[in-house]
Amino acid sequence: MNRRGLLKLGGIALAQAGVARLPIGRNAASLGSLTGQAQEIAADYSLRIAPVTVELDRSHILSTIGYNGSAPGPVLRMRAGKRVTVEVINDTDAPEFVHWHGMLIPSEVDGTGEEGSPFVPAHGRRRFELTPGPAGSRWYHSHAMAMDDLHKGPYTGQFGFVHVDDGNDPGRYDQQLFLALRDWEPFFTLTMDDEDDDTHHGPFLEKPATLDTDPDGLEVSSVTYSINDKALGAGEPIRVREGQRLLMHFLNASAIENRRIALPGHKMKVIALDGNPVPTPQTLDSIFVGAGERVDVLVEMNNPGVWILGSTEKLVRESGLGVVLEYSGQHRQPQWIDPPRVPWDYTIFGTSSSSSPPPQQTIELIFEKIPSGAGKFNLWLINGKPYPHEREFILEPGTRYRLVMRNHTDDAHPMHLHRHLWELAEINGKKTAGIVKDTVVVPYYGRAIVDFTADQPGLTLFHCHIQQHMDYGFKALFRYA
Ligand SMILES: [Cu+2]
């Protein structure tokens with residue numbers, strides 16, 4: 001029986017619908033004894049990279065690599081500004097990098113080879129010290145390159161939330177949920193279905209006058225999905241009571257695709273993007289989460305029933321990307337209703353004027369794709385070149401920069417800048433301010449403009465968060481003068 005058949009709505013599989021509860025990691029293990037050095041001080045956190053099995057549902061158990069025996073890894077709770085030690089033990093045959101996405105930390109601990117962070121050797125270990133911050137929803141994941149190996153690095157189960165707290169959490173919610181969106185068992189394909197992207201209707205501000213008509217190369221796709229480690233139709237439901245308020249932290253931990261998520265019968269109040277509070281919270285029927293992005297929402301439990309929280313794409317949802325939300329005393333069939341299709345617009349969360357100084361210098365970044373044809377991989381260019389560039393991108397410390405990202409490709413790219421936060425200034429011609437992020441989805445043939453201050457000396461990686469795009473050229477290194 002195929003997986004889609006098994007998960008068909010209305011089938012008995014949904015009777016056990018649910019979501020995995022994630023373990024919370026802290027002072028996980030004393031490591032001294034592992035090395036035979038009795039005097040060694042235990043790290044505050046330890047992450048063991050090793051093979052794990054993930055039971056998406058009873059009939060679908062996959063083998064991958066995870067952290068501390070699970071995938072996703074534990075939710076790591078850290079205090080902003082409080083220095084911590086993290087011991088990474090690598091029980092695999094390949095060197096690994098653990099990247100701390102969204103944190104303002106030095107290149108040496110950021111966890112990328114490009115920035116010169118040291119790797120964690122195969123069957124070895126390495127201890128890192130970092131000062132977490134700023135507060136908010138961050139995450140950690142493998143930053144090893146995968147190239148044509150879909151069992152490596154970011155394609156595996158090496159991802160997890162880091163929740164950084166500054167002690168000011170008002171705690172005005174009854175339940176806090178960490179929900180990582182994920183796909184599994186990736187494969188190469190020539191026909192990539194891009195229904196997840198809302199920007200196909202334009203405006204195509206950056207569409208080239210003449211298009212490259214060469215046939216496309218291989219892209220990476222998947223037909224197996226989950227929220228955390230459970231497919232829709234497996235595990236425990238999210239159990240709620242009428243009147244409760246839920247804080248949901250969404251993370252798109254996919255190395256492949258952007259996603260749209262809804263909870264029918266309920267509105268989601270977006271309060272933070274990439275962990276940073278937005279100036280203008282908005283209450284919406286669905287949210288869009290680019291690969292690498294986080295969205296925090298508050299949801300009032302005011303519509304008793306049994307509902308499916310999940311992908312708005314039917315095939316994706318029915319292939320696992322969802323979880324049942326069940327009010328107490330309700331036992332009916334889980335319900336899905338398609339939300340109105342309103343294009344995602346970052347600018348509605350912004351304000352009219354920035355409290356930061358205006359940018360002093362502008363860096364233009366043009367994204368292009370060289371289609372490779374069947375059986376090969378497309379090549380991705382920034383300003384006419386794949387990685388590595390020479391010394392094109394030099395930052396003067398203290399200077400405020402504007403990045404103008406011009407997407408000349410027929411794909412929406414979640415672009416990420418390491419070790420810095422940027423403020424959105426314009427998306428497809430619409431101006432905004434006050435939205436602080438570390439990743440932004442640059443629309444299909446569109447444009448995104450962001451501003452940031454060069455205040456984190458050290459090598460800084462800028463890249464597309466779709467792993468295959470990054471591996472085949474779509475990255476650049478910013479250096480400080
Ligand atoms: Cu991309």
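**Entry 1: the copper ion**

I began with the sequence, where the donor residues of the copper ion follow the spacing H-x50-C-x4-H. I kept in mind that this is a predicted model. The protein donors turned out to be His413 through ND1, Cys464 through SG and His469 through ND1. They lie 2.0 to 2.1 Å from the copper ion.

Is Cys464 buried or exposed? I found a relative accessible area of 0% for Cys464, so this residue is buried, as that value is under 20%. I then checked His469, which is buried too, with a relative accessible area of 0%.

**Entry 2: a residue in a helix**

I moved on to Glu318 and found it in helix H4, which covers residues 314–318. Glu318 has a relative accessible area of 11%. Buried means under 20%, so Glu318 counts as buried. I also looked up a pair: Glu318 and Leu232 are 86 residues apart in sequence, yet their C-alpha atoms are 7.2 Å apart in space.

**Entry 3: the whole chain**

How many helices and strands does the protein chain have? I noted five helices and 34 strands. The chain has 481 residues, and 59% of them count as buried. For its accessible surface I wrote down about 18,600 Å², with 52% belonging to carbon and sulfur atoms.

Notes: Residues numbered from 1 in each chain as written. Predicted model: local features only at pLDDT ≥ 70, side-chain atom pairs only at ≥ 80, totals over all residues. Heavy atoms only, no water. Donors = N, O, S within 2.8 Å, 3.2 Å for Na, K, Ca; no water. Buried < 20%, exposed > 50% of the residue type's maximum accessible area, 1.4 Å probe, protein only. Helix = DSSP H or I, 4+ residues; strand = E, 2+ residues; numbered from the N terminus. Areas by Shrake-Rupley, 256 points an atom, 1.4 Å probe, with all protein chains shown as cover.
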